[in-house]
2 protein chains.
Amino acid sequence: MPVVPPHFDASVRPGCVLGVDPGLNRTGYAILERSIRNPVLREGGVIRSTQGLSLAERVLELGRGLREVIDEFKPQVLAIEQVFSTTKFPKTAILMAHARGALLYAAADAGIPVVHYTPTQVKRLLTGSGKASKEQIQHAIRQELALDKVLEPNDVADAFAVALCHYHSARAVILGE
Amino acid sequence: MPVVPPHFDASVRPGCVLGVDPGLNRTGYAILERSIRNPVLREGGVIRSTQGLSLAERVLELGRGLREVIDEFKPQVLAIEQVFSTTKFPKTAILMAHARGALLYAAADAGIPVVHYTPTQVKRLLTGSGKASKEQIQHAIRQELALDKVLEPNDVADAFAVALCHYHSARAVILGE
């Protein structure tokens, strides 16, 4: 059964979903559109920040880049992976949270609702198992989007994974599953 | 001797300094202006986010609030405490980093340069010791700003502390100390 997060807003239509895999150096994004059968991959890409610039300038690049994507595709919702405090890579997590704060700011400033999914929710929805491997996730994305090869780079694939997770969660609510 | 961070930009004039103590629930800010003698406290306050709103809406409130302060006082620089990955309060650090990302975005979007100071730099510059207590910091702020009582609340006092740290670091560079 699809996992619907408790803060999911049923008034959001899943017509166009923007999935985001946030990172300070590179932020992957994915645009999915609804069709009668499978969801359609509209665009996937990476928003980069310039190394050597200040942290403030870099998060500005990411936020403005996301805003451009939002203005072009006018998604009805942004789906993003929940970030967890990790004792394994605390510095990376802190930098990623800065990027995430700027991306959330840009989405909210554009009036786009944001839904968060845990990595376990994304894996479970795409493969049936919350402990699926990267390869299993890649395989599920390929099947869902009827692609003839694996999606690359990784951050774009991860952005599609969270977009697909929202796509199916939202459909499940609408269909009353 | 004042501590000058390696990324300090000598072209930034210390005329009006905006100090910020970031937090998701409350972000303290402080406006300091240069005078011939002591720096002058122009305004100190708190930007609050609404509990119960989504994380994206809350960081938007903080970023927009900061933008209002910037538009009103037109500071030449924003001074903010460096955030560190802490294993003590990892969840708090992650939420604070989200707030910080949105605040940095808002400052960079307004064209304001941002300088970061470590807590040790702030303490050392205000008291001479990198291990000063909260009370010693408060005492130093009182003296610097010629106040007849302790500054409250705490986040406003911390915002003044980092603003003062920048004020003196910048003056030290200009005076060639």
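A146(B) is located in the loop that links α4 and α5 of chain B, in a model that is predicted. Its phi is positive, at about 50°, although A146(B) is not a glycine. With a relative accessibility of 60%, above the 50% cut-off, A146(B) counts as exposed.

- In chain A, the loop between α4 and α5 holds A146(A).
- A146(A) is not a glycine, yet its phi is positive, at about 50°.
- A146(A) has a relative accessible area of 62% and is therefore exposed, since the cut-off for that class is over 50%.
- P153(A) also has its place in the loop between α4 and α5 of chain A, with α5 spanning residues 154-175.
- The peptide bond joining E152(A) and P153(A) is cis, and its omega is about -10°.
- In chain B, P153(B) lies in the loop between α4 (134-144) and α5 (154-175).
- E152(B) and P153(B) are linked by a cis peptide bond whose omega is near -5°.

**Packing of α3 against α4 in chain A**

- Helix α3 of chain A comprises residues 119-127 and helix α4 of chain A residues 134-144; their axes come within 9 Å and cross at roughly 55°.
- That angle makes α3(A) oblique to α4(A), because it falls in neither the roughly parallel class (under 35 degrees) nor the roughly perpendicular one (65 to 115).
- The crossing of these two helices, α3(A) and α4(A), is left-handed.
- On the side of α3(A), the contact is made by K123(A), L126(A) and T127(A), which meet Q136(A), I137(A), A140(A) and I141(A) of α4(A).
- By class, the residues in the contact of α3(A) with α4(A) are four nonpolar, two polar and one charged.

**The loop between α3 and α4 in chain A**

- K131(A) belongs to the loop between α3 and α4 of chain A.
- The relative accessibility of K131(A) is 78%, so this residue counts as exposed.
- K131(A) and P119(A) are twelve residues apart along the chain, and their C-alpha atoms are separated by 9.2 Å.

**Packing of α3 against α4 in chain B**

- The axes of helix α3 (residues 119-127) of chain B and α4(B) come within 9 Å, with a crossing angle of roughly 55°.
- α3(B) is therefore oblique to α4(B).
- α3(B) and α4(B) cross in a left-handed sense.
- K123(B), L126(B) and T127(B) of α3(B) are in contact with Q136(B), I137(B), A140(B) and I141(B) of α4(B).
- The contact of α3(B) with α4(B) consists of four nonpolar, two polar and one charged residues.

**Packing of α1 against α2 in chain B**

- Helix α1 (residues 55-73) and helix α2 (residues 90-109) of chain B have axes that come within 9 Å and cross at roughly 40°.
- α1(B) and α2(B) are therefore oblique to each other.
- The crossing of α1(B) and α2(B) is right-handed.
- From α1(B), the contact takes in L55(B), V59(B), L62(B), G63(B), L66(B), R67(B) and I70(B).
- From α2(B), the residues making this contact are L95(B), H98(B), A99(B), A102(B), L103(B), A106(B), A107(B) and D109(B).
- The contact of α1(B) with α2(B) divides into eleven nonpolar, two polar and two charged residues.

**Nonpolar cores**

- The largest nonpolar core comprises 56 residues, and those with the most contacts inside it are L18(A), L66(A), L78(A), L18(B), L66(B) and L78(B).
- With residues up to four places away in sequence not counted, L66(B) touches L18(B), V20(B), I47(B), L78(B), L103(B) and A106(B).
- Another core, of 27 residues, lies apart from the largest one and includes V46(B), L151(B), A163(B) and L164(B).

**Overall make-up of chain A**

- Chain A has five helices and five strands.
- From the N terminus on, the order of these elements in chain A is β-β-β-α-β-α-β-α-α-α.
- Chain A has 177 residues, of which 50% count as buried.
- Of the contacts in chain A between residues at least 6 apart in sequence, 65% join residues at least 24 apart.

Definitions and conventions:
Residues numbered from 1 in each chain as written. Chains lettered and ligands numbered in written order. Predicted model: local features only at pLDDT ≥ 70, side-chain atom pairs only at ≥ 80, totals over all residues. Heavy atoms only, no water. Axes fitted to C-alpha atoms, helices over the stretch in contact; angles between N-to-C directions. Helix = DSSP H or I, 4+ residues; strand = E, 2+ residues; numbered from the N terminus. Parallel < 35°, antiparallel > 145°, perpendicular 65-115°, else oblique. Left-handed = near helix turned anticlockwise from the far one by under 90°. Contact = heavy atoms within 4.5 Å. Nonpolar A, V, L, I, M, F, W, Y, C, P; charged D, E, K, R; others polar. Core = buried A, V, L, I, M, F, W, Y, C linked by side-chain atoms within 4.5 Å. Buried < 20%, exposed > 50% of the residue type's maximum accessible area, 1.4 Å probe, protein only.
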